[in-house]
Amino acid sequence: SRKIIKNVNMDVETEEFDTLINNVQDKIDALGGYCQNIDIGGRGIYDKTSNRYANITARIPADKLDSFVKSVENASNITNKSESAEDVTLDYADTKAHVDSLRVEQERLNELLSEAEDVDTIIVIESRLSEVRYEIESYESKLRLMDNRVSYSTVYLNIREVSQYTPVERELTAGERIAIGLAESFEDVADNVIDIIIDLPMIIFVLIIV
């Protein structure tokens, strides 16, 4: 199966800051995810008027990502959203192959160590065994990290408290774009006609002189 790492960035507004924060945290828990980081600020003890903000980094099971994003969209006003998907399948397979190769070497080195008799040979084999163990641990750590990033998508959620939502521009339909184009064309024609009417006395005067 392919190894896909998905990330989502969301900038949202809310008129009910505390309610949205609680709902987001409850949704993360309900979906089996966890909050990797949360930062809330924007209002001090003696300042009750400033708008608050929150930056949340949520780790959501990959198969529940759409559900979480949709819940945030339904509970707030989205001002910006971007998604990315990174395919690490080849890197994962290459790293796994390195681990398998090193394990074969480790097994062979252990066999040689059990058969070695002189001290110098034992020292050389043990030195290489240490290097192999370190490389295996390093590659396995990389595999675990990729597994985690694939299994749990990352959502960077930036929440801003507002007293009124920012209007979001709606994408025009084809019919609306045609209507606007026709209206602009008629407006250009009307402007040209007006210019001609304004200049008409001067044109007549010039013709009389000629």
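Which residue stands opposite Lys81 in β4? Met10 stands opposite Lys81. The legends below describe close-up views of a predicted model, in which local features need pLDDT of at least 70, side-chain atom pairs count only at pLDDT 80 or more, and totals for chains, interfaces and linings use all residues. Residues are numbered from 1 along each chain as its sequence is written, and side-chain values use heavy atoms, with hydrogens and water left out.

**View 1. The open sheet has 5 strands in the order β2-β3-β5-β1-β4.** Strands (E, at least two residues) and helices (H or I, at least four residues) are DSSP runs numbered from the N terminus. Pairing in the sheet is mixed; two strands pair if DSSP finds at least two bridges between them. At the edges are β2 (34–41) and β4, each pairing on one side only. On average, neighbouring strands are turned by 10 degrees against each other, direction ignored. Axes are lines fitted to C-alpha atoms, for helices over the stretch in contact, and angles run from 0 to 180 degrees between N-to-C directions.

**View 2. Strands β1 and β4 pair in the antiparallel sense.** The pairing of β1 (residues 4–14) with β4 runs over 10 bridges. Helix α2 (residues 65–75) packs on the sheet and touches β1, β3, β4 and β5, where contact means heavy atoms within 4.5 Å. The direction of α2 makes about 10 degrees with that of β1.

**View 3. Ser76 is found in the loop between α2 and β4.** With a relative accessible area of 11%, Ser76 is buried; buried means under 20%, exposed over 50%, and partly exposed in between (1.4 Å probe, protein chains only). The Ser76 side chain reaches the backbone oxygen of Val72 at 2.7 Å. Neighbours within four places in sequence aside, Ser76 is in contact with Val12, Glu13, Leu20 and Tyr165.

**View 4. Asn77 lies in strand β4 (residues 77–87).** Asn77 counts as buried because its relative accessibility is 13%. Although Asn77 and Glu13 are 64 residues apart along the chain, their C-alpha atoms are separated by 5.0 Å.

**View 5. Helix α4 has 33 residues (119–151).** At 1.5 Å a residue, α4 should span 48 Å, and its end C-alpha atoms are 47 Å apart, which agrees. The expected span is 1.5 Å times one less than the number of residues. Buried residues of α4 include Ile125, Leu129, Val132, Ile136, Leu143, Met146 and Val150. Their cover includes β1, α3 (89–115) and β5.

Technical notes:
A polar contact is a pair of N or O atoms within 3.5 Å; within protein, one must be able to donate a hydrogen and the other to accept it, and residues adjacent in sequence count only if both atoms are side-chain atoms.
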